[in-house]
Amino acid sequence: MVAGRFTPAEGRYGGKDAAQRQAERRARFLEAGLEMFGGEPGYRGTRLAALCKEAGLSSRQFYEEFQSVEDLLAELHLIVNDAAQEAVFDVLPTIQDLSLAERITRMLRAYVKGAASDRRYARIAYVEVVGVSPRIDLQRLERRARWIDLFRVITDDAVARGEIRPDDYGIAAAAFIGAVNGLMHDWVVGWVDTSLEGIADELLQLLLGRYQIAT
């Protein structure tokens, strides 16, 4: 190694090793993508040069982290989905002794807050990823399947507790997830004028009515 210079694998610069600097660069690109894809101009209107300018980094540094702008979108889509999932999972241990209606209410409100309290998250999850490519469509379907599976676990548990009658709730789960996606999309683009609380209230009416759950 030349004196006074550092290789990426070995050196430190400003007290940070190569792995730390790489993680920071990746985080800056993710934040830039969140800002641009989740706001204006949106994913389809974002050019690499503008993205790099937003991140304060170069295109060379971008390609050290991602193969394409679509790769960045794909990772952000997973991140925003994980945020909603974690919000739901965080409440699960606290609601096990509540009624089914109250369990569903707590979980759904947690989901809506996790998915859309940052409107940029909601725009990426429900608007920007739609129709981008077969690869992104598959990722969307895989994440949608996870939510359907979670609903089936919830309904199986409710059946076992004697709270609802036995039935195949898979179709109902798929229909409800479709309703969530549609309503969230319309809210993000401004076709539905309501608050997040209004979104949650409407979805609760659909869900509690389908499962014939008294509040």
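Asp167 and Arg165 form a salt bridge, with their closest N and O atoms 3.2 Å apart. A salt bridge here is a side-chain nitrogen of Lys or Arg within 4 Å of a carboxyl oxygen of Asp or Glu. The structure holds 20 salt bridges. This is a predicted model, where local features need pLDDT of at least 70, side-chain atom pairs count only at pLDDT 80 or more, and totals for chains, interfaces and linings use all residues. Residues are numbered from 1 along each chain as its sequence is written, and side-chain values use heavy atoms, leaving out hydrogens and water.

**Asp167 and Arg165**
- Asp167 is partly exposed at 39% relative accessibility (buried is under 20% relative accessible area, exposed over 50%, partly exposed in between, with a 1.4 Å probe and protein chains only).
- Arg165 is also partly exposed, at 49%.

- Within it, the side chains of Glu35 and Arg120 meet in a salt bridge of 2.8 Å, N to O.
- This pair links distant parts of the chain, 85 residues apart: Glu35 lies in helix α1 (residues 18–37) and Arg120 in helix α6 (residues 119–128).
- Helices (H or I, at least four residues) and strands (E, at least two) are DSSP runs, numbered from the N terminus.
- Glu35 is partly exposed, with a relative accessible area of 36%.

**Asp157 and Arg161**
- Asp157 pairs with Arg161 in a salt bridge, the closest N and O atoms being 3.0 Å apart.
- Asp157 is partly exposed at 31% relative accessibility.
- Arg161 is partly exposed too, with a relative accessible area of 35%.
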